[in-house]
Amino acid sequence: LFEDVQAHTYFGAHVYGRESEVAIQQMSQVLHPSQVNASLLHDGYGPLPGIQFPEGGWDLRAHKDRVLTINEVVLADWAKLFDEPGTSPSEARLLRPVTVADLEALSVLAAQRVRLADHDYHWTQGWNETNAKADGIIHWETKVPDSWDEVILQGSHFTIATPFNLYPNWEAKDRYGFTESYDLERLPEQVIPRTNYQRACDRDTYNTNLDHWNGQPYVDSYRVAYREMTQPGHERSLRPALVPPGPANVGTVITMSPGDARFTSLWCGLLSTLPYDYFVKVSGTGHIKDYVSRRMPVPGASHLTAALLLRTLRLNCLTSDYGPLWNELFSHGWTADRWTDPDFTRVELGHIEVSWSMDTPLRRDQERRLALVELDALAALMLGLTAEQLCAMYRTQFAVLRKYEYKMAFDAEGRKLCAYHQSAGYRQAQLQDRAKAGDLPPEWKSIWELYEQYEEDPDSVDWMGHFMPPFTRPDREAEMTQAYNEFQRRLDAGEYGD
C-alpha cells in the first residue's frame with residue numbers, strides 16, 4: 001500500500017491468510033531493518049526510545065517495548081477514540097503508537113467515559129473566505145480596525161494560550177504575511193490586532209450573516225479559537241486561545257464554546273496541553289474539524305480544575321478586554337496556589353487581585369512556559385494518565401518540540417534564548433535583527449552562538465544589559481514529572497479540597 005498523506009509517504013507490507021482472531025505484532029516509526037530484529041530479541045531493560053533524539057537525529061535504538069501486540073481489545077480502544085460509537089473493533093482505524101507506554105496512554109484516553117459529543121456545544125468556521133468576498137461581506141485590506149467587533153481573525157493571530165501572537169505586515173498578500181510579533185512584556189492595556197480582512201457591507205447585513213448560537217451572533221461570547229489546519233509533524237498541532245466577545249473569524253479558524261464562561265475557559269486550558277495535542281497528532285488528521293473535537297475526552301469534576309483555571313486565565317487574559325472574564329471567574333482560593341517548582345520565585349503564581357490589572361497576566365517567556373508545563377501535568381492527572389505515560393507522549397509525538405527545547409535557555413529575568421529561529425524569544429529576535437541592520441556587533445546576529453560561547457567562558461561575553469546571567473536550561477520530562485508528583489501530593493494532602 002502506498003499512500004501520500006500531507007507530503008509523507010507511508011509504506012505497508014500486507015500479508016493475508018486464513019480468517020482468525022486478531023493478534024498482530026506491530027512496530028511503527030521503524031527507520032532501519034536492524035530495529036525490527038533487535039527489538040524482537042531485546043530484554044526489555046533500558047530507557048524507552050522516541051522518534052528522534054532531543055539533540056536531533058533519528059532514534060534507531062531497539063527495545064522490546066517497540067513491539068506492540070494489537071488485538072481486539074486494543075482495536076476496541078482505538079474505535080472508541082476516533083470512530084463513531086458502535087464501530088466494530090475489526091473496523092477501527094489503525095494508529096501508530098511507538099512504544100508500550102504510548103499504547104497504554106491511548107488506552108487511558110479511550111477509557112474516558114465522557115466526550116465532548118456528550119455535551120451541548122457550539123462551533124463555527126466563521127466566514128468562508130471565497131464566498132464571503134464574493135458576496136460582498138468582507139474584503140482584503142490590511143489595517144487596524146476601530147473596535148473588536150470589526151476584527152476578523154486568521155490562524156496566525158494566536159497560538160497556544162496566547163491570544164496575541166503575530167499580526168500581518170502592511171504589505172501582506174496572503175496568510176504568509178504574518179511577520180510581526182507582539183512583545184507581551186510591553187503589551188498595552190488595550191490592543192486591537194491588525195487584520196487583513198475588513199467588513200465590506202453594512203452592519204445589519206454583516207450581523208445577519210454571522211452564525212448564531214442560541215439566537216445570538218456567535219461573536220457575542222468568550223470562545224476558544226484554534227487553527228483548523230495542522231500537521232502531525234509540526235512542533236504543536238493544536239493551538240487554542242481564548243478570544244473575547246467581538247471578533248469574527250475566517251474558515252482557517254474554528255471558534256467554539258462548550259457552555260458557560262467557566263467551562264469554555266477550562267476547555268481552553270485542557271486543549272492547551274500535551275495530552276490533547278497528542279490526541280490530535282496520533283489521529284493523523286490534517287484538519288481539526290468537528291468530527292475530531294467531538295471525540296475528545298472531557299474529564300469529570302476534579303479538585304484540580306481551580307488550579308487549571310488559574311493558569312489558563314493568567315496565560316490568556318493579556319489585556320483589559322479579558323477583565324470581565326477574570327473578574328467573573330476569580331476565586332479567592334487562587335491566592336494560596338503556587339508553582340510546583342519551589343526554586344522558581346521570580347513571579348508568585350498566587351500574587352493576584354480580584355479585579356484584572358496589568359499585573360494579572362504572565363508575560364515573560366519562562367513563567368508562561370512553566371504554566372503550560374503545569375497544565376500538562378494537571379491534564380494528565382485529570383485524565384488518569386501516569387507521569388511516565390505523559391512523558392511517553394512527549395517522546396513519541398513531539399520530536400520538533402523536544403529538538404527546540406534541547407537548545408533553549410532562559411536568563412535570570414525569564415527571557416528565552418533558542419538556537420532555532422522558530423522558537424526564539426521576542427527579545428532575541430529583535431536584537432538579532434538589530435545586529436543584521438548594523439546597530440549591534442556582528443556576533444549578535446546569532447545570540448545562541450554567543451550563549452554557547454558564554455557556556456565555555458562566561459567572561460568572554462558582554463551581554464550589554466540585554467540578558468541577565470545566570471541562565472537555566474529546561475528539561476520538560478523532569479519538569480512535567482515534578483509537577484505531576486507535586487500536584488498529586490497536594491491532592492493527597494487535601495490542599496485543593498477534601
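A crossing of two helices is left-handed if the near helix is turned anticlockwise from the far one by less than a right angle, and right-handed if clockwise. Helices here are DSSP runs of H or I with at least four residues, and strands are runs of E with at least two, numbered from the N terminus. The model is predicted: local features need pLDDT of at least 70, side-chain atom pairs count only at pLDDT 80 or more, and totals for chains, interfaces and linings use all residues. Residues are numbered from 1 along each chain as its sequence is written, and side-chain values use heavy atoms, with hydrogens and water left out.

Helix H12 (residues 387-397) and helix H16 (residues 476-493) cross in a right-handed way. Their axes, lines fitted to C-alpha atoms over the stretch in contact, come within 10 Å and cross at roughly 155 degrees. Angles run from 0 to 180 degrees between N-to-C directions, and those over 145 count as roughly antiparallel; H12 and H16 are therefore roughly antiparallel to each other. In contact (heavy atoms within 4.5 Å), residues of H12 including Leu 390 and Tyr 394 meet residues of H16 including Met 480 and Tyr 484.

The loop between helix H15 (447-456) and H16 contains Pro 470. The peptide bond from Pro 469 to Pro 470 is cis, with omega near 5 degrees. Met 464 lies in the loop between H15 and H16 too, and its phi is near 55 degrees, a positive value in a residue other than glycine. Most residues other than glycine have a negative phi, and most peptide bonds are trans.

How values were computed: Parallel < 35°, antiparallel > 145°, perpendicular 65-115°, else oblique.
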